[in-house]
Amino acid sequence: MRFTVITPTHNRRQFLPEAVASVRASVSAPLDFEFEHLICENASTDDTAVWLREAAGSGGAPLRVVSQATKLLPGPARNLLIQDTPADGWLVPLDDDDLLLQRCLHNYADLVQRHPGQAWFVADFLRVDEEKRYMPGEDYYAWKFDTPTDMLRAIFRAEHFIQGNVCYSRALFEEVGGYSEEITMAEDLDLYVRFLLAGHLPVLSPHISHLHRFHTSNVSIGVDADKHANDLRVIYDQYAGQLQELGIERP
């Protein structure tokens, strides 16, 4: 098995070193798998690019950097990285200000072994503040659903969501066509909706995948209930015909 942690980054010199260090600290034993961290340096204007060049040459767990001169939306940036991953590999998205837990990849590898034929997995995550202090009462817990339709219904009722707490196969990514090249927000949820529309229900894992950091420059700052509902409507309209056939109403 080979896992690739996928991270687009733009002007995150303050937080990116800790994200990189968290991936490098991953523990595979006693399972046998390989992993690397693939980062898109997405037209940063601070010294992120300089730091990444130094970090990539410093040894430790494999870190590869793809430089992008013109800033891409998150979806195209992730697509660019995934083009350079093994066709039979597994993909784990990680935001450039979050921290992967040491046993996250190990837990995903264990799931892959125990669930042959399954294409994606969903875990829980914890929220921390800018200084990595735990935020009580803000944990995220994935829900278990019986069918893909049940999960889609909960998503478009704004009862449930998924973000960076997943692992999916490169084969599934290719099957549904990758990340949207047009959506400016919630491009990850759009991808997972297409996983479900293709009939793939994720395997639920009770492990903690990562620490999601809240700070004053989060990409999701300002995403309140109204903004989330609008994002859901944008996604819904992309697949309205399929969703209506399943009896799922527009949010």
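Contact here means heavy atoms within 4.5 Å. With that in hand, a few notes on this model follow.

1. Ground rules. This is a predicted model, in which local features need pLDDT of at least 70, side-chain atom pairs count only at pLDDT 80 or more, and totals for chains, interfaces and linings use all residues. Residues are numbered from 1 along each chain as its sequence is written, and side-chain values use heavy atoms, with hydrogens and water left out. Helices (H or I, at least four residues) and strands (E, at least two) are DSSP runs, numbered from the N terminus.

2. The H7 and H8 pair. Leu189, Asp190 and Val193 of H7 are in contact with His228, Leu232 and Ile235 of H8. The axes of H7 (residues 187–197) and H8 (residues 225–238) come within 10 Å and cross at roughly 45°, which makes H7 oblique to H8. Axes are lines fitted to C-alpha atoms, for helices over the stretch in contact, with angles from 0 to 180 degrees between N-to-C directions. Angles under 35 degrees count as roughly parallel, over 145 as roughly antiparallel, 65 to 115 as roughly perpendicular, and the rest as oblique. The crossing is right-handed, that is, the near helix is turned clockwise from the far one by less than a right angle.

3. Helix H2. In H2 (residues 48–56), Thr48, Ala49, Trp51, Leu52 and Ala55 are buried. These buried residues fall within an arc of 160° seen down the helix axis, so they line one face of H2; the arc is taken from the directions from the axis to the C-beta atoms. Their packing partners are strand E1 (2–9), helix H1 (16–24), strand E2 (34–42) and strand E3 (63–68). Arg53 and Glu54, on the other side of H2, are exposed. Buried means under 20% relative accessible area, exposed over 50%, and partly exposed in between (1.4 Å probe, protein chains only).

4. Cysteines. The whole structure holds zero disulfides, a disulfide being a pair of cysteine sulfur atoms within 2.5 Å. For Cys104, the closest cysteine sulfur is in Cys167, 7.8 Å away and too far for a bond. Cys104 is buried at 1% relative accessible area, and Cys40 is buried at 0%.

5. Backbone spots worth a look. Most residues other than glycine have a negative phi, and most peptide bonds are trans. The Ala29 to Pro30 peptide bond is cis, with omega near 5°, and Pro30 sits in the loop between H1 and E2. Asn11 has a positive phi, near 50°; Asn11 lies in the loop between E1 and H1 and is partly exposed at 26%. Ala186 also has a positive phi, near 65°, in the loop between H6 (170–176) and H7, and counts as buried at 16% relative accessibility.
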